[in-house]
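Student: I would like to learn how to read a structure like this one. Please take me through it feature by feature.

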Amino acid sequence: MEITVDNAQFDLDRFDRAILRFLAGDGRMSITDLARQVGLSKSPTQARLKRLEASGVITGYRAQIDPIRLGQDHVSFVEVRLHDTRETALASFNEAVIKVPEIEQAHMIAGNFDYLLKIRTQSMSDYRRVLAERISTLPFVANTSTYVAMEAVKETVSPEVV
């Protein structure tokens, strides 16, 4: 797989993809364990890891937090239609969405609506408050449609994708 970073191209070979796959499964893996899993010595593994980080292929490391254990088990997906879809309106909407903590994901969609938002709250009443006070007041919102998730069947990116 070839990627471009700062107008320079380089290939992700099987070792790079293996590093990404193992780190996607366990981001806290030590360099020694990673090298053993990948089949390289520690120094080349560390050099490859630094290159993947510097190139922006690896964007960071974070803890995965279970929102359900924190009482955030109500998930809604919201279709948003804007009344203006010119670039300045889209930029304004995007900027405002980033500031709403209950919006877990926001995607611009090519279809019958403009955005799909994933909202996580504690309850239906909490969601209704967020919808009324935050989502509906976002710039250029014409209307919304809500779909409440009953069960999360899959929510993670599989390390096998790499």
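Student: At what angle do helix 2 and helix 3 pack?
Tutor: Axes are lines fitted to C-alpha atoms, for helices over the stretch in contact, and angles run from 0 to 180 degrees between N-to-C directions. Helices (H or I, at least four residues) and strands (E, at least two) are DSSP runs, numbered from the N terminus. Here helix 2 (residues 31-38) packs on helix 3 (residues 42-54) at about 100 degrees, and their axes are 9 Å apart. Helix 2 is therefore roughly perpendicular to helix 3; angles under 35 degrees count as roughly parallel, over 145 as roughly antiparallel, 65 to 115 as roughly perpendicular and the rest as oblique.
Tutor: This is a predicted model, in which local features need pLDDT of at least 70 and side-chain atom pairs count only at pLDDT 80 or more, while totals for chains, interfaces and linings use all residues. Residues are numbered from 1 along each chain as its sequence is written, and side-chain values use heavy atoms, with hydrogens and water left out.

Student: Which residues of helix 2 and helix 3 meet?
Tutor: Contact means heavy atoms within 4.5 Å. From helix 2 come Ile 31, Thr 32, Leu 34 and Ala 35, and from helix 3 come Lys 42, Thr 45, Gln 46 and Leu 49. By class, this contact has four nonpolar, three polar and one charged residues (Ala, Val, Leu, Ile, Met, Phe, Trp, Tyr, Cys and Pro count as nonpolar, Asp, Glu, Lys and Arg as charged, and the others, Gly among them, as polar).

Student: How do helix 1 and helix 3 cross?
Tutor: The axes of helix 1 (residues 14-25) and helix 3 come within 10 Å, crossing at roughly 80 degrees. That makes helix 1 roughly perpendicular to helix 3. Helix 1 contributes Phe 15, Asp 16, Ile 19, Leu 20 and Leu 23, and helix 3 contributes Thr 45, Arg 48, Leu 49, Arg 51 and Leu 52. By class, there are six nonpolar, one polar and three charged residues in this contact.

Student: Is Thr 45 buried or exposed?
Tutor: Buried means under 20% relative accessible area, exposed over 50%, partly exposed in between (1.4 Å probe, protein chains only). Thr 45, in helix 3, has 0% relative accessibility and so counts as buried. Leaving aside neighbours within four places in sequence, Thr 45 is in contact with Ile 19, Leu 34, Ala 35 and Leu 40.

Student: How many aromatic pairs does the structure hold?
Tutor: A pair of aromatic rings is described by the distance of the centres and the angle of the planes. Rings of Phe, Tyr and Trp (its six-membered ring) pair if their centres lie within 6.5 Å; planes under 30 degrees apart count as stacked, over 60 as edge-to-face and the rest as tilted. The structure has one such pair. The ring centres of Phe 93 and Tyr 115 are 4.3 Å apart and the planes are at 40 degrees, so the pair is tilted. Phe 93 lies in helix 4 (residues 87-98) and Tyr 115 in strand 5 (residues 115-121), so the pair ties together parts that are 22 residues apart in sequence. Both Phe 93 and Tyr 115 are buried.

Student: What is Arg 120 in contact with?
Tutor: Arg 120 lies in strand 5 and counts as buried at 7% relative accessibility. Leaving aside neighbours within four places in sequence, its contacts include Pro 67, Asp 73, Glu 102, Glu 104 and Glu 155.
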